[in-house]
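Open the structure in your viewer and keep the sequence beside it. This tour goes from one selection to the next and says what is there.

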Amino acid sequence: MVCLGNICRSPLAEGILRSKVDKDKIVVDSAGTAGYHVGNPPDRRSISVAKKHGIDISLQTCRQFSKDDFNIFDFIYVMDKNNFDDVILLATSELEEKKVKLLLDEVDLNINEVPDPYYGGTDGFENVYQMIDIACEAIAKKVS
Ligand code: 4NP
(Lines give C-alpha, C1' and ligand atoms only; values in the text may rest on other atoms or scores of the structure.)
Protein backbone atom coordinates (compact mmCIF):
# COMPACT_ATOMS: atom_id res chain seq x y z
CA MET A 1 0.00 0.00 0.00
CA VAL A 2 1.62 3.22 -1.16
CA CYS A 3 0.80 6.91 -0.75
CA LEU A 4 2.92 10.05 -0.67
CA GLY A 5 3.83 10.43 3.00
CA ASN A 6 3.05 6.95 4.44
CA ILE A 7 1.45 8.61 7.43
CA CYS A 8 -2.23 9.07 6.43
CA ARG A 9 -3.70 6.86 3.68
CA SER A 10 -1.36 3.89 3.24
CA PRO A 11 -1.03 3.11 6.98
CA LEU A 12 -4.83 2.89 7.06
CA ALA A 13 -4.79 0.64 3.99
CA GLU A 14 -2.13 -1.56 5.58
CA GLY A 15 -4.08 -1.90 8.83
CA ILE A 16 -7.43 -2.46 7.14
CA LEU A 17 -6.21 -5.08 4.65
CA ARG A 18 -4.21 -6.89 7.32
CA SER A 19 -7.36 -7.12 9.44
CA LYS A 20 -9.15 -8.93 6.58
CA VAL A 21 -6.57 -11.53 5.49
CA ASP A 22 -4.83 -14.58 6.96
CA LYS A 23 -1.64 -13.16 8.47
CA ASP A 24 0.15 -16.49 8.04
CA LYS A 25 -0.35 -16.44 4.28
CA ILE A 26 -0.40 -12.80 3.19
CA VAL A 27 2.20 -10.14 3.92
CA VAL A 28 0.78 -6.61 3.98
CA ASP A 29 2.99 -3.54 4.27
CA SER A 30 2.94 0.15 3.35
CA ALA A 31 5.38 2.82 2.22
CA GLY A 32 5.49 6.39 0.96
CA THR A 33 6.91 7.66 -2.32
CA ALA A 34 8.43 10.56 -0.36
CA GLY A 35 10.75 10.34 2.62
CA TYR A 36 9.47 13.34 4.62
CA HIS A 37 8.26 11.32 7.59
CA VAL A 38 10.53 8.24 7.63
CA GLY A 39 10.67 6.68 11.10
CA ASN A 40 7.52 8.45 12.31
CA PRO A 41 4.26 6.80 13.43
CA PRO A 42 1.08 7.41 11.37
CA ASP A 43 -0.71 10.77 11.60
CA ARG A 44 -2.76 10.93 14.82
CA ARG A 45 -5.95 11.45 12.77
CA SER A 46 -5.35 8.16 10.92
CA ILE A 47 -4.58 6.39 14.21
CA SER A 48 -7.80 7.79 15.65
CA VAL A 49 -10.12 6.86 12.76
CA ALA A 50 -8.62 3.35 12.62
CA LYS A 51 -9.11 2.97 16.38
CA LYS A 52 -12.74 4.04 16.02
CA HIS A 53 -13.18 1.06 13.68
CA GLY A 54 -11.30 -1.36 15.96
CA ILE A 55 -7.95 -1.34 14.16
CA ASP A 56 -4.67 -0.40 15.86
CA ILE A 57 -2.17 1.19 13.46
CA SER A 58 -0.27 3.12 16.14
CA LEU A 59 2.80 0.86 16.04
CA GLN A 60 3.44 1.26 12.32
CA THR A 61 6.58 3.14 11.27
CA CYS A 62 6.84 5.25 8.15
CA ARG A 63 9.25 4.10 5.45
CA GLN A 64 9.96 5.11 1.88
CA PHE A 65 9.04 2.89 -1.08
CA SER A 66 12.11 1.26 -2.62
CA LYS A 67 12.92 -0.71 -5.78
CA ASP A 68 13.32 -3.82 -3.58
CA ASP A 69 9.57 -3.74 -2.94
CA PHE A 70 9.04 -4.91 -6.52
CA ASN A 71 10.86 -8.16 -5.62
CA ILE A 72 9.03 -8.68 -2.34
CA PHE A 73 5.39 -7.96 -3.24
CA ASP A 74 3.01 -9.39 -5.85
CA PHE A 75 0.68 -6.38 -5.79
CA ILE A 76 1.54 -2.73 -5.21
CA TYR A 77 -1.56 -0.65 -4.58
CA VAL A 78 -1.19 3.11 -4.89
CA MET A 79 -3.65 5.68 -3.58
CA ASP A 80 -3.50 8.23 -6.40
CA LYS A 81 -2.15 8.87 -9.88
CA ASN A 82 0.87 10.84 -8.65
CA ASN A 83 1.84 7.85 -6.51
CA PHE A 84 1.29 5.65 -9.56
CA ASP A 85 3.66 7.73 -11.71
CA ASP A 86 6.31 7.90 -8.96
CA VAL A 87 6.28 4.14 -8.39
CA ILE A 88 6.25 3.31 -12.12
CA LEU A 89 9.37 5.46 -12.54
CA LEU A 90 11.21 3.02 -10.24
CA ALA A 91 10.10 -0.11 -12.12
CA THR A 92 12.74 -1.83 -14.20
CA SER A 93 10.60 -4.26 -16.20
CA GLU A 94 7.12 -4.73 -17.58
CA LEU A 95 6.54 -7.42 -14.94
CA GLU A 96 7.26 -4.86 -12.21
CA GLU A 97 5.06 -2.23 -13.87
CA LYS A 98 2.17 -4.68 -14.01
CA LYS A 99 2.25 -5.10 -10.22
CA VAL A 100 1.25 -1.45 -9.73
CA LYS A 101 -2.47 -0.69 -9.49
CA LEU A 102 -4.67 2.15 -8.27
CA LEU A 103 -6.33 0.83 -5.09
CA LEU A 104 -9.77 2.07 -6.12
CA ASP A 105 -9.55 0.30 -9.48
CA GLU A 106 -10.41 -2.82 -7.45
CA VAL A 107 -13.93 -1.50 -6.91
CA ASP A 108 -16.66 0.32 -8.75
CA LEU A 109 -16.89 3.65 -6.92
CA ASN A 110 -17.38 6.95 -8.68
CA ILE A 111 -13.76 7.97 -8.08
CA ASN A 112 -10.50 6.16 -8.71
CA GLU A 113 -8.11 8.06 -6.42
CA VAL A 114 -8.06 8.10 -2.62
CA PRO A 115 -7.89 11.85 -1.84
CA ASP A 116 -5.04 13.12 0.32
CA PRO A 117 -6.65 14.01 3.69
CA TYR A 118 -3.49 15.58 5.19
CA TYR A 119 -4.51 19.24 4.91
CA GLY A 120 -8.22 18.72 5.67
CA GLY A 121 -10.32 17.93 8.73
CA THR A 122 -11.30 14.73 10.49
CA ASP A 123 -14.19 14.14 8.05
CA GLY A 124 -11.66 13.55 5.31
CA PHE A 125 -10.10 10.73 7.30
CA GLU A 126 -13.43 8.96 7.81
CA ASN A 127 -14.21 9.36 4.12
CA VAL A 128 -10.82 7.93 3.16
CA TYR A 129 -11.28 5.10 5.69
CA GLN A 130 -14.58 4.09 4.08
CA MET A 131 -13.28 3.96 0.54
CA ILE A 132 -10.11 2.08 1.53
CA ASP A 133 -12.23 -0.38 3.51
CA ILE A 134 -14.42 -1.17 0.49
CA ALA A 135 -11.37 -1.70 -1.74
CA CYS A 136 -9.60 -3.87 0.85
CA GLU A 137 -12.70 -6.05 1.22
CA ALA A 138 -12.55 -6.72 -2.53
CA ILE A 139 -8.80 -7.44 -2.42
CA ALA A 140 -9.19 -9.76 0.58
CA LYS A 141 -11.84 -11.78 -1.30
CA LYS A 142 -9.58 -11.96 -4.35
CA VAL A 143 -6.48 -13.18 -2.52
CA SER A 144 -8.10 -15.49 0.02
P1 4NP B 1 -0.37 10.57 2.87
O2 4NP B 1 -0.64 12.10 3.26
O3 4NP B 1 0.34 10.59 1.52
O4 4NP B 1 -1.73 9.99 2.78
O5 4NP B 1 0.49 10.00 3.98
C6 4NP B 1 0.38 13.06 3.32
C7 4NP B 1 1.16 13.14 4.44
C8 4NP B 1 2.13 14.12 4.52
C9 4NP B 1 2.30 15.00 3.49
C10 4NP B 1 1.52 14.92 2.36
C11 4NP B 1 0.57 13.94 2.27
N12 4NP B 1 3.28 16.02 3.59
O13 4NP B 1 3.36 16.86 2.68
O14 4NP B 1 4.04 16.06 4.58
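Which kind of pairing do the side chains of D22 and K25 meet in? Select both residues: the side chains form a salt bridge, at 3.8 Å from N to O. This is a predicted model, and every stop below should be read with that in mind. D22 has a relative accessibility of 35%, so it counts as partly exposed. K25 is exposed, because its relative accessible area is 69%. In general, side chains of opposite charge can pair when their charged atoms come close.

**Other salt bridges**

The structure holds 13 salt bridges. For the next one, select K20 and D133, whose closest N and O atoms are 2.9 Å apart. This pair links distant parts of the chain, as K20 is in helix α1 and D133 is in helix α6, 113 residues apart. K20 counts as partly exposed, with a relative accessibility of 24%.

Now select K142 and E106, which form a salt bridge at 3.1 Å from N to O. At 45% relative accessibility, K142 counts as partly exposed.

**Helix α2**

Select residues 44-52, which make up helix α2. Which residues of α2 are buried? They are R45, S46, V49 and A50. Look down the axis of α2: the buried residues fall within an arc of 130°, so they line one face of the helix. On the other side of α2 you will find R44, K51 and K52, which are exposed.

To see what the buried residues of α2 pack against, show α1 (9-20) and α6 (122-143). Then go to the two ends of the helix. At the start of α2, a side-chain oxygen of D43 comes to within 2.8 Å of the backbone nitrogen of R45. Just after α2, select G54, which takes a positive phi of about 85°.

Select H37, in the loop between β2 (31-32) and α2. Is H37 buried or exposed? Buried means under 20% relative accessible area. H37 has 18% relative accessibility, so it counts as buried. Leaving aside neighbours within four places in sequence, the contacts of H37 are G5, I7, C62 and Y118.

**The nonpolar cores**

In soluble globular proteins, nonpolar side chains tend to be buried together. The largest nonpolar core here has 30 residues. Select M1, L12, L17, M79, L103, V114 and I132, the residues with the most contacts inside this core. Helices α1, α2 and α6 each supply at least two residues of the core. Which element gives the largest share? That is α6, with nine residues.

Stay with L103 and show what surrounds it. Not counting residues up to four places away in sequence, L103 touches M1, Y77, V78, M79, V114, I132, A135 and I139.

For the last stop, select F70, V87, V100 and L102. These four are among the 11 residues of another core, which lies apart from the largest one.

Technical notes:
Residues are numbered from 1 along each chain as its sequence is written. This is a predicted model: local features need pLDDT of at least 70, side-chain atom pairs count only at pLDDT 80 or more; totals for chains, interfaces and linings use all residues. Side-chain values use heavy atoms; hydrogens and water are left out. Buried means under 20% relative accessible area, exposed over 50%, partly exposed in between (1.4 Å probe, protein chains only). Helices (H or I, at least four residues) and strands (E, at least two) are DSSP runs, numbered from the N terminus. The arc is that of the directions from the helix axis to the C-beta atoms. Contact means heavy atoms within 4.5 Å. A polar contact is a pair of N or O atoms within 3.5 Å; within protein, one must be able to donate a hydrogen and the other to accept it, and residues adjacent in sequence count only if both atoms are side-chain atoms. A salt bridge is a side-chain nitrogen of Lys or Arg within 4 Å of a carboxyl oxygen of Asp or Glu. A nonpolar core is a set of buried Ala, Val, Leu, Ile, Met, Phe, Trp, Tyr and Cys residues joined through side-chain atoms within 4.5 Å.
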